[in-house]
Amino acid sequence: MPRSLTKVGLVLLVVFLLPAIFYSVRELQAVRENELLIEEIYNEQLEAILFSVNQYSEDIARSWTKDWSSLQQDSLWQSGETTNQFFNENYAIKEGFIMDSLASADIRLYSDEGEVFFSANQDIIPKLISNQQQVIKRLFSYRENGYLKIQPLFSDTSSLELLVFLPATIDNATALYGFVLDPTVFVNDFLGPRIHAIAQEEFVISVHKKLAEVPFYTTATHIKHGVSQAPRKPLWLFPDYYLTIRLEDQEKPTWAEQRFRTNLFLIIGLNAVLLLGAWFVFRTIKKEIELARIKSDFVSNVSHEIRTPLALISMFSETLMMNRVKSEEKKQEYYRIVNQESQRLTNMVNKILNFSKMEAGKHRFTFEPINLNEIVARVLESYDFHLKNEGFHYHFHPSETELTINGDQEGITEAIINLLDNAIKYSDEHKEISVLTGINEGYYFVEIQDKGMGISEANQKAIFEKFFRVSTSAPVQRVNSSTNGSPHSGTGLGLSLVKYIMDVHKGTITLTSHPKKGSNFRLNFPIRYRVEKLIANE
């Protein structure tokens with residue numbers, strides 16, 4: 001059998017499990033590839049959203065440059081009325097300035113009060129622009145090609161945020177225009193409405209300064225930390241600031257990871273089901289192979305059991321027929337042996353037939369009021385000669401209370417006989433049997449005690465299975481229903497029949513046993529069940 005099971009296991013592994021494992025690995029790779037593709041598409045979509053936010057911010061700045069440039073042609077420029085209106089409408093601009101890019105010291109500053117003659121920025125802005133000459137040269141190059149470029153300027157040593165540009169329609173070809181901006185006001189008041197319109201309730205768009213995790217502006221109702229992994233883009237007008245975007249309900253990486261984990265759990269679950277199915281198939285095949293072996297051993301064992309009494313009957317009957325036995329005493333001994341062996345053979349055949357009927361559900365039980373004390377007494381009376389002939393001393397301790405139950409007399413008698421047979425068979429040295437009846441915790445019981453070989457705790461749970469036998473060569477071996485550690489003969493059906501009979505009577509069979517100290521088998525019949533049956537019959 002071990003070789004057969006090994007072959008079955010290898011076949012299941014090659015035909016069933018290996019393809020399942022290969023498929024799972026391939027699916028995991030495919031899922032991961034799909035997730036990477038989805039992540040890429042997702043990032044592209046989010047980047048497009050961020051691009052539109054940046055584009056809108058530049059559109060605002062371009063409208064400012066056009067208005068600022070057109071103010072130079074206004075006759076009321078010097079009056080301050082038009083400048084005041086410009087700064088009031090575009091209050092994210094702190095100051096506007098005009099300077100000659102070649103003579104950087106020549107700068108004019110304006111605010112909502114008109115031209116500013118005294119400001120700290122009069123010295124800072126020219127120095128900042130002077131340090132950015134390469135950037136300024138590129139602006140002139142863009143203008144020569146007909147493109148108006150708005151250039152943000154910033155410095156590590158200054159907190160100013162500047163936007164500079166070169167208007168196309170001016171008299172001074174080297175004039176440089178620009179604004180000093182307040183990023184917070186610009187983001188909150190000018191860019192914020194557009195961001196909210198884009199985000200709606202689907203995305204969370206935030207604006208951060210440098211590497212700060214906590215945004216100074218966000219569309220989220222609750223500010224969350226740790227959004228540094230979300231898709232981000234620098235804010236064009238303010239290089240020191242950046243935009244981030246994520247889903248409303250969770251961070252994007254968590255969302256993609258959740259998708260991957262969901263698919264992973266599904267594949268793992270599928271594999272678990274497949275493995276469970278393979279294990280179930282393997283166990284089923286194992287049980288079938290074991291059952292086939294058990295049946296083979298059973299047939300072999302029963303054949304041997306039947307052959308022994310048949311041989312004795314044939315030998316002694318032939319001897320008697322040939323008148324080879326002269327003394328009457330010897331003849332009576334031979335008659336007794338023939339009768340005992342025929343009874344033994346009959347009991348064996350009846351036991352097999354009864355088991356077959358019970359297995360097929362064809363055995364019919366006849367329930368009627370019976371007294372357990374009387375049944376036990378009759379069994380012991382019929383077994384008196386056999387017990388004494390085997391050298392046994394037995395004691396019967398009946399209950400003083402009448403133990404009447406509603407049961408099948410033949411079935412209960414057979415259960416008691418099987419327990420007595422086991423006690424006789426497995427009591428080698430201490431040939432003493434005690435039979436008790438009584439009441440215990442709502443049950444009527446019949447208990448048979450012996451002082452035989454006993455049963456180890458490891459084998460006590462399995463002894464009521466069909467064909468089970470405890471052997472000295474192995475912890476558990478299915479040969480027959482013996483209850484000790486020696487290879488005694490038997491069909492292996494006795495105790496399984498007892499359990500079946502007790503199940504039909506809604507009762508139980510319990511065992512208390514210790515190796516080399518004997519065994520106590522107790523048949524428990526529920527009193528409540530008896531009362532209900534009697535009432536129903538009435």
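**Close-up views of a predicted model**

**View 1. Helix 5 is kinked at L191.** In helix 5, a kink of about 60 degrees lies at L191, shortly before the proline P193. The model shown here and in the other views is a predicted one. Helix 5 runs over 17 residues, yet its end C-alpha atoms are only 20 Å apart. A straight helix, at 1.5 Å a residue, would reach 24 Å. P183, F186, V187, F190, L191, G192, I195 and A199 are the buried residues of helix 5.

**View 2. The largest nonpolar core contains 39 residues.** Within this core, W64, W68, F179 and F186 touch the most other members. At least two core residues come from each of helix 1 (2-70), helix 2 (81-89), strand 1 (93-100), strand 5 (158-165), strand 6 (175-181), helix 5 (183-199), strand 7 (203-209) and strand 10 (238-247). Helix 1 supplies the largest share, eight residues. In soluble globular proteins, nonpolar side chains tend to be buried together. Leaving aside residues up to four places away in sequence, F186 touches S57, I60, W64, A92, L191, L237 and F238.

**View 3. Strand 1 pairs with strand 6 and with strand 2.** The pairing of strand 1 with strand 6 is antiparallel and extends over seven bridges. Here G96 stands opposite F179 of strand 6. Strand 1 also pairs with strand 2 (residues 107-111), again in the antiparallel sense, over four bridges. For I98, the bridge partner in strand 2 is R108. Strand 1 is largely enclosed by the rest of the structure, because seven of its eight residues are buried.

View 4. Strand 8 pairs with strand 7 over two bridges in the antiparallel sense. S206 has T218, in strand 8, as its bridge partner.

**View 5. E58 is a buried residue of helix 1.** The relative accessibility of E58 is 15%, and the limit for a buried residue is under 20%, so E58 counts as buried. Its contacts, not counting residues up to four places away in sequence, are Y147, I150, W236 and L237.

**View 6. T319 is a buried residue of helix 6.** Helix 6 spans residues 252-321 and includes T319. With a relative accessible area of 18%, T319 is buried. T319 touches R324, V325 and Y334, with residues up to four places away in sequence left out of the list.

Methods:
Residues numbered from 1 in each chain as written. Predicted model: local features only at pLDDT ≥ 70, side-chain atom pairs only at ≥ 80, totals over all residues. Heavy atoms only, no water. Core = buried A, V, L, I, M, F, W, Y, C linked by side-chain atoms within 4.5 Å. Buried < 20%, exposed > 50% of the residue type's maximum accessible area, 1.4 Å probe, protein only. Contact = heavy atoms within 4.5 Å. Pairing = 2+ DSSP bridges. Expected span 1.5 Å × (residues − 1). Bend = angle between axes of the 7 residues up to and from the residue.
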